[in-house]
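Please read them with the coordinates open.

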Amino acid sequence: PFFPQAGFFLPVISRGRAAGKAVALTFDDGPDPDVIFLLLDLLQRYEAPATFFVIGKKAEGNPELIREILLQGHAIGNHSYRHDPLLMLRSSARLTEEIARTQQLLANFGIRSLIFRPPVGITNPRLPKVLKGLRLDCITFSCRAYDFGNRRIADLAKIILRKIHPGA
């Protein structure tokens, strides 16, 4: 459960079969009004599509940011309502509520997300049943920066580029 790429409890998608030098760009924990426009501008400049795994509570408080992400052609995934790092230690009812609440919030924007990324990438034995009931697949990551919530951003690009590979 503490190895995000391992499908111990359920099938987990953490990489693709990319032909050539292609990767999937994903961003978690937003939308953040302090950085989203800089990030969207950068993605637009390089014509790079991305998936934003949003926290329901932040999306609820920043609907204009969700609309901008969609307007620029990016995908949006579910990253739980509160991003509780201990979510996988909570009850099935709490787990369902966190994910379903964000699904409903996204539906208000016309989004039917098919993907859920668990906070911190951690899963548990209750998650498969919850995701099946909500018709969601579990998506994690094959490469991450370990920036500790943007507290360690020095050389972030260099760290990522050392770890990245086609299909990541």
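1. Arg 82 and Glu 98 form a salt bridge (a side-chain nitrogen of Lys or Arg within 4 Å of a carboxyl oxygen of Asp or Glu), with their closest N and O atoms 2.2 Å apart. The pair links distant parts of the chain, 16 residues apart, since Arg 82 sits in the loop between strand 4 (75–78) and helix 4 (92–107) and Glu 98 in helix 4; helices (H or I, at least four residues) and strands (E, at least two) are DSSP runs, numbered from the N terminus.

2. This is a predicted model, in which local features need pLDDT of at least 70 and side-chain atom pairs count only at pLDDT 80 or more, while totals for chains, interfaces and linings use all residues. Residues are numbered from 1 along each chain as its sequence is written, and side-chain values use heavy atoms, with hydrogens and water left out.

3. Arg 82 is partly exposed at 38% relative accessible area, whereas Glu 98 is buried at 0% (buried means under 20%, exposed over 50%, partly exposed in between, with a 1.4 Å probe and protein chains only).

4. Asp 84 and Arg 94 form another salt bridge, with closest N and O atoms 3.7 Å apart. Asp 84 is buried at 12% relative accessibility, while Arg 94 is partly exposed at 28%. Both residues belong to a salt-bridge network that also includes Arg 90, Glu 97 and Arg 101.

5. Asp 28 and Arg 117 meet through their side chains at 2.7 Å, N to O.
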